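I opened this model to see how its pieces sit together. Here are my notes, in the order I looked things up.

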Amino acid sequence: MVEFEEIINTRRSIREYQDKDVEDEKILKILKAGMQAPGSRLGAEPWEFIIIKNKETLAKIGEIKPRVANAPVAILLVANIERAFYKTVWQQDMGAACENMLLEAVNLGLGGLWNGVAPEEERMAKIGEIVGIDDITDLKPYSIVTLGYPAEGWENKFMDKFDESRIHYEKY
Ligand SMILES: Cc1cc2nc3c(=O)[nH]c(=O)nc-3n(C[C@H](O)[C@H](O)[C@H](O)COP(=O)(O)O)c2cc1C
């Protein structure tokens, strides 16, 4: 376990991984972290998750999202609009889950990457097709979280992203 502040401050986008499997217990913890995220309506969150380890599937997705090809595991986040109460804000719901997952990955000594999928419909449809989603009207591929033990030179480490000029008090 890592201190919370350290997790927040050292999380980096890790794009290359060691050739080493991620333990199923860690994957489960990351899924649990995703589902602990705030959602637009308690009990009517749209998120569903597809865990992908099959090398051929990863390679196919990698033709669209290159960083997926060599990851030991990828989790496709899918918004199921039928589950959602507030059906227009699924991208916010899914983003909250995605970030929670990336933070839990750091906590577990892993590296993770947010591979963007939505909102480009062509990309969503192509990736959906690979995993058995033939229609993206109600099942929307949102992002792919790739996970693994960071390759050399890709460690989670602090980078100062603070910028005081972004902060406004009371009025813009
Ligand atoms: C919506 C979104 C989509 C992203 N898509 C990709 C992607 O497709 N490929 C990639 O390498 N990084 C992707 N990233 C990661 C960003 O490039 C990364 O967060 C940014 O460069 C800052 O680096 P850091 O995560 O190490 O702080 C995405 C991040 C977000 C929030």
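**Notebook: helices, strands and a loop**

My helices (H or I, at least four residues) and strands (E, at least two) are DSSP runs, numbered from the N terminus. A reminder to myself: this is a predicted model, where local features need pLDDT of at least 70, side-chain atom pairs count only at pLDDT 80 or more, and totals for chains, interfaces and linings use all residues. Residues are numbered from 1 along each chain as its sequence is written.

**Entry: α4**

I checked the length of α4 (residues 90–107): its 18 residues reach 26 Å from first C-alpha to last, close to the 26 Å expected at 1.5 Å a residue. The expected span is 1.5 Å times one less than the number of residues. Next I listed its buried residues, among them Trp-90, Asp-93, Cys-98 and Glu-104. I call a residue buried if 20 or more other C-beta atoms lie within 10 Å of its own, exposed if 12 or fewer, and partly exposed in between, with C-beta atoms placed from the backbone. What do the buried residues of α4 pack against? I found α1 (4–10), α2 (24–35), β1, β2, β3 (111–116) and β4. For contacts I use C-beta atoms, placed from the backbone, within 7 Å.

**Entry: β2 and its partners**

Seven of the eight residues of β2 (residues 73–80) are buried, so I noted this strand as largely enclosed by the rest of the structure. I looked up its pairing, which takes at least two DSSP bridges between two strands. β1 (residues 47–52) runs antiparallel to β2, joined by six bridges, and Phe-49 faces Leu-77 in β2. With β4 (residues 139–148), β2 pairs over eight bridges, also antiparallel; there I saw Val-73 opposite Leu-147.

**Entry: α5**

In α5 (residues 121–130) I found Met-124, Ile-127 and Gly-128 buried. They lie on the same side of α5, because they cover an arc of only 105° around the axis; the arc is taken over the directions from the helix axis to the C-beta atoms. The buried residues of α5 pack against α3 (55–62) and β4. Just after α5, Gly-132 has a positive phi of about 90°.

**Entry: Ala-44**

Last, I visited Ala-44, in the loop between α2 and β1. It counts as partly exposed because it has 14 C-beta neighbours inside 10 Å. Beyond its neighbours within four places in sequence, Ala-44 contacts Arg-83, Ala-84 and Phe-85. Its C-alpha is 24 Å from that of Ile-127, 83 residues apart along the chain.

Technical notes. Contact = placed C-beta atoms within 7 Å.
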